[in-house]
Structure formats: C-alpha cells, structure tokens
Amino acid sequence: GFRCPHPNGGLCMDLLQIGSGTTLGLFLGMLLFLEVGRRIGLLHLAREGGLARGVSTAEGAVFGLLGLLIAFTFSGAAGRFEDRRHLITEEANAIGTASLRLDLLPATSQAELRTLFYEYTGLRATVYHGANNMAAVQQKLAKGVELQNQIWQKTLLAARAADVPAHAMMLLVPALNQMIDITTTRWMVTQNHPPLVVFLLLAFLSLMGALLIGYEMSENPHRSWLHCVAYACIMSLCIYVIVDLELPRLGLFTITDADQVLLDLQASMR
C-alpha cells in the first residue's frame, strides 16, 4: 500500500517537551535531590553517629541499571537516527530509477509524467520540514499521495499503447512500487520511538542516584559543588541528547541536510 497514515504527533511532541522543556528541570531536580540526600545523611549522622550500611551496594545497583539503560537507549536512538538518514537516500534512488525508466514509454507520454515527477520529488524533499506543524506535514503527505495516484494512473495508461514493448511494464511497475512504498516506510520509521516510560525511568533513576550520592557526601562537612553540578549536568545532557536523536526533525541534531540529495535529484530533472 502507498497511502501514508495521517500523523498525530502525540508521542513526538511529548518527547520534544522532555528533551527541551524538562532538561533544565531535571538538572535542578538532581541538585535538589543531592541536597535532600545530604540532609538525610546529616540527620542520620546526628542520630546514629554513622551512615547506614549497604548504601554503596544500593548505589552500585542503581548506577549499574542507569548505565545499562542509557547505553541501550542511546544506541537505539543513534541507530534510528542513521536509519532515517539512509532512507532518504534510498527514496532518492527509488525516484531516480523510476524516472529513468520513463524512457521506456512513448515520447508523447513522457513530458507530463516528468513534470509530475519533478513536482513529486520537490514535495518529498520538504515533506518533513517544519515537523512541529503536523497539520502542514499532513497536507504535504496528502498531496504526495495525490501525485502518486496521478503518476501511477498516467503511467499505466501510457504503457497500454501499442508501441510499448512488453518488458517495459515489467521494469517500470516494480520501480514505481518501490518509489511509492518507501514513503510508508519512512513515515513508520519516524513513529518508531521507545515507550515514554523509558525516558521517565531514566529521569527517575537519575534523581535516585543523586539522592544516594548526596547521602554518601554527608560524611564530608563541606559540599562539593563541583561534583554535584558535574553529575547533574552530565546526566541531564545525556538524556537530552538521547531524546534529541529520537526527534531528528525537531531537535538540535537534525537530518535536514540529508534532504539535499532529493533536491539535487529534482534539479537534475529540469
């Protein structure tokens, strides 16, 4: 099938809010939990004369799980980021192949089809630009489906001409199918994200880690602001980068430059 589902953008916008709006909040939250943990430790020292045993074991378990979760989510986000970039190149190749195989059709039918291909390629190059406006993306997707239908119908009509060799359909139809099907593949890949609970778990473990670190630091009468700020900054930035990679059209790290291959292809069609 080549009809792309209509985007709703719900999860994407949730992830965007986590990545941008709550990074500072997470940073400040970890500083707060560090201080809370330290105060709990000071109270325990005042009452018992020493910190509770087993805290280091708890820290090891929490940070081990946190490190494992960060490694898996970062690896998955980076892999999906590259997959989305490669799919743009694959689509450009698919469109270019189908465009070249129009030479198999009668010359009288090629002009109109090449005009449609030119318009379609330009649309696909910019379809995900401004992805924060899902209504605009939806309109472009719908326009793309309309152009696909026109190309398909006019190609079949031209292929039925008496002077078209039999092998033309065998070469042209699969190329058109691939060109059309990859639009659905690209759309589904844009919707492929880890569940929101994974990112919430990352934030929770980071805060719990801060609490345990603050508890351990209570044995020192002076706060180590360098260690506190460094931990909060590193953890919040790690989570931000992971979320940002999951949103290659909305965040700091984007794949918009990869669309140039489609724009170059469109320019070669003139």
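Colleague: Let's start with Phe-63. What does Phe-63 count as, buried or partly exposed?

Modeller: This is a predicted model, and in it Phe-63 counts as partly exposed, because its relative accessibility is 27%.

Colleague: OK, and how many aromatic pairs does a search of the whole structure find?

Modeller: Searching the whole structure turns up 1 aromatic pair. Phe-63 is in it, together with Tyr-231: the ring centres are 6.0 Å apart and the planes sit at 85°, so the pair is edge-to-face. The cut-off behind that label is an angle over 60 degrees.

Colleague: Where do Phe-63 and Tyr-231 lie?

Modeller: Phe-63 is in helix H3, residues 55-100, and Tyr-231 is in helix H8, residues 225-246. They are 168 residues apart in sequence, so the pair ties together those two parts.

Colleague: And Tyr-231, buried or exposed?

Modeller: Tyr-231 is buried, since its relative accessible area is 13%. The limit for buried is under 20%.

Colleague: Which other residues are buried in H8?

Modeller: Besides Tyr-231, the buried residues in H8 include Cys-228, Ala-232, Met-235, Ser-236 and Ile-239. Further along, Ile-242, Val-243, Asp-244, Leu-245 and Glu-246 are buried as well.

Colleague: What should H8 span, given its 22 residues?

Modeller: At 1.5 Å a residue, H8 should span 32 Å. Its end C-alpha atoms are 32 Å apart, so the two values agree.

Colleague: Back to Glu-246. Which side chain does Glu-246 meet in a salt bridge?

Modeller: That would be Arg-80, with 2.5 Å from N to O.

Colleague: Why do Glu-246 and Arg-80 count the way they do for burial?

Modeller: Glu-246 counts as buried because its relative accessibility is 1%. Arg-80 also counts as buried, because its value is 17%.

Colleague: How many salt bridges does the whole structure have?

Modeller: The search finds 11 salt bridges. One of them joins Lys-154 and Glu-112, at 3.0 Å from N to O. That pair links distant parts of the chain, 42 residues apart: Lys-154 is in helix H5 (residues 134-159) and Glu-112 in helix H4 (residues 107-126).

Colleague: How accessible are Lys-154 and Glu-112?

Modeller: Lys-154 is partly exposed, because its relative accessible area is 30%. Glu-112 counts as partly exposed too, because its relative accessibility is 46%.

Colleague: What about Arg-249, which residue does its side chain meet?

Modeller: The side chain of Arg-249 makes a salt bridge with Asp-259, at 2.6 Å from N to O. Arg-249 and Asp-259 lie in the loop between H8 and helix H9 (260-268), so the pair ties together parts that are 10 residues apart in sequence. Both residues are buried.

Colleague: Which residues are linked in a network of salt bridges?

Modeller: Glu-35, Arg-39 and Arg-223 are linked in such a network.

Colleague: New topic, cysteines. How many disulfides are there?

Modeller: The count is 0 disulfides. Take Cys-233: the nearest cysteine sulfur belongs to Cys-238 and is 9.4 Å away. A disulfide needs the sulfur atoms within 2.5 Å.

Colleague: Are Cys-233 and Cys-228 buried or partly exposed?

Modeller: Cys-233 is partly exposed, because its relative accessible area is 31%. Cys-228 is buried, because its value is 9%.

Colleague: Now the surface. Which residues form a nonpolar patch?

Modeller: Leu-32, Val-36 and Ile-40 do, with about 250 Å² of accessible area together. Val-36 lies in helix H2, residues 23-48. Val-36 is partly exposed, because its relative accessible area is 36%.

Colleague: Zooming out, how many helices and strands does the protein have?

Modeller: There are 9 helices and 0 strands. As for burial, 44% of the 270 residues are buried.

Note on methods
Residues are numbered from 1 along each chain as its sequence is written. This is a predicted model: local features need pLDDT of at least 70, side-chain atom pairs count only at pLDDT 80 or more; totals for chains, interfaces and linings use all residues. Side-chain values use heavy atoms; hydrogens and water are left out. Rings of Phe, Tyr and Trp (its six-membered ring) pair if their centres lie within 6.5 Å; planes under 30 degrees apart count as stacked, over 60 as edge-to-face and the rest as tilted. Helices (H or I, at least four residues) and strands (E, at least two) are DSSP runs, numbered from the N terminus. Buried means under 20% relative accessible area, exposed over 50%, partly exposed in between (1.4 Å probe, protein chains only). A salt bridge is a side-chain nitrogen of Lys or Arg within 4 Å of a carboxyl oxygen of Asp or Glu. Patches are made of residues with over 30% relative accessible area and no salt bridge: like charges are joined within 9 Å, nonpolar side chains (Val, Leu, Ile, Met, Phe, Trp, Tyr) within 5 Å. Accessible areas come from the Shrake-Rupley method with a 1.4 Å probe; for residues, only the protein chains shown count as cover. The expected span of a helix is 1.5 Å times one less than its number of residues.
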